Amino acid sequence: MLQTKFPQLPKFGFLAIALLLTACYSDTNSKISGGYTELDRAIEQVIDHTIIPTMDNMQVNSNNSNLLAIQFCNNKTADNLLLLQNQWKATNQAWYKLLPFILGPLETTDALSESAVSYIDSHRDRGNDYKTPIRTDITAMLALTKEDLNATYFSSKNFTLTGLLALELLTFERSDDQDQDNSTILAEYTAQDLKCDILLGQSIELLRRIELAQIGWKTDYRDSGKSYRDLLINKELESTFTGIGDPDGTGIPAFTRIIVSMQEYYDYLGKRNVTLNSAQISGAIWPALSQSALITSEVLSGTDATTLSLYQLMNNGYQPDVAFVKSNIIIFEESISSENTAEIIAAAKVLDGNLKREIPEALNIALGLNFNDGD
């Protein structure tokens, strides 16, 4: 049975932070029509104009990857291989744009207690490098038959053998010796038809996982008949799934869930060797990280369609904090541009701290926590 888990935070739990984040609104966030605050309305626009379009963008890119895999397998040319490789990079960028929002449909767990995100990006939860077991798995699959390599086979694979990493290895290197020259990659696909079956099986499985998350956000979350978007905005998650929550059924606010998810992402960047472990065969990690910087700024500043942004609410007496956060995002972007791992880790830790302190405080939400994790 599917369930939702909240990834454990360093030094404290999600629920502890949630309980302390639910109170202490000032007049700036006073109730407006329908019992909602200005912050509620701003977060609704973050969800509608940033998070859901980012989810949709990931689905579009995953679908394009699948279509180009089909095209390549139907016509194994150097040009089609290059198109497939470039689309993998585009899909990876779309993923890093979505990575700060691991909540709801992407944190749903399966019967093995593995989160949905793990099957897409095996590095995200534990920081482990699974290239070696994936290479071993590809070799083993090449000894199977076409009938063996069906949809059920791929959907039942362990999370360590699926997702973007598996597709990266299938797209950017030859299986037997990891040669990365496109002519040798193409020759292997030409000589071994089964490798295309493996490529297509993994591509379809990635698309399936992404579309399940998209359905959860937009249509039906955990068979409730309601979208995660609506449940989140209408403060119905706890009352829908547990029957437990505040007397008014509001539970943990959407702001809390989103800001904690973003904080966990920057905590991840500060603690894991992402620039040394992820997207290494393709050489595509730096453009992907740039997408994370872009979406972080967008969450706070809004889009052309936004009428009430978080920065606007923060500016109410907290202009120095707004300037501080903006400058730290710029530093993060500059560390990406210079491809400096040490600077990226340092910048990520600072933004992690901003998401724990300056941003909630400027929005008049008292965290009431003492952080002792060095940031």
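Me: Which residues do ring pairs link into a cluster?

Reply: Good place to start! In this predicted model, ring pairs join Tyr265, Tyr266, Tyr268 and Phe332 into a cluster.

Me: How many aromatic pairs does the structure hold?

Reply: There are ten aromatic pairs in the structure.

Me: What describes a pair of aromatic rings?

Reply: The distance of the centres and the angle of the planes describe such a pair. Take Phe72 and Tyr189: the ring centres are 5.0 Å apart and the planes stand at 85 degrees, so this pair is edge-to-face. Phe72 belongs to helix H2 (residues 38–74) and Tyr189 to helix H9 (residues 182–191), so the pair ties together parts 117 residues apart in sequence.

Me: Is Phe72 buried or exposed, and what about Tyr189?

Reply: Phe72 is buried, at a relative accessible area of 0%, and Tyr189 is buried, with a value of 0%. Another edge-to-face pair is Tyr221 with Tyr228, at 4.8 Å centre to centre and 70 degrees between the planes. Both Tyr221 and Tyr228 are buried.

Me: Now to helices. At what angle do the axes of H13 and H15 cross?

Reply: Helix H13 (residues 254–271) and helix H15 (residues 285–301) have axes that come within 12 Å and cross at roughly 150 degrees. Angles over 145 degrees count as roughly antiparallel, and H13 and H15 are therefore roughly antiparallel to each other. The crossing of H13 past H15 is left-handed.

Me: Which residues of H13 meet H15?

Reply: From H13 come Met262, Tyr265, Tyr266 and Leu269, which meet Leu289, Ser292, Ala293, Thr296 and Val299 of H15. Sorted by type, the residues of this H13–H15 contact are seven nonpolar, two polar and no charged. Tyr265 and Tyr266 in this contact are also part of the ring cluster you began with.

Conventions: Residues numbered from 1 in each chain as written. Predicted model: local features only at pLDDT ≥ 70, side-chain atom pairs only at ≥ 80, totals over all residues. Heavy atoms only, no water. Axes fitted to C-alpha atoms, helices over the stretch in contact; angles between N-to-C directions. Helix = DSSP H or I, 4+ residues; strand = E, 2+ residues; numbered from the N terminus. Parallel < 35°, antiparallel > 145°, perpendicular 65-115°, else oblique. Left-handed = near helix turned anticlockwise from the far one by under 90°. Contact = heavy atoms within 4.5 Å. Nonpolar A, V, L, I, M, F, W, Y, C, P; charged D, E, K, R; others polar. Phe/Tyr/Trp six-rings, centres within 6.5 Å; stacked < 30°, edge-to-face > 60°. Buried < 20%, exposed > 50% of the residue type's maximum accessible area, 1.4 Å probe, protein only.
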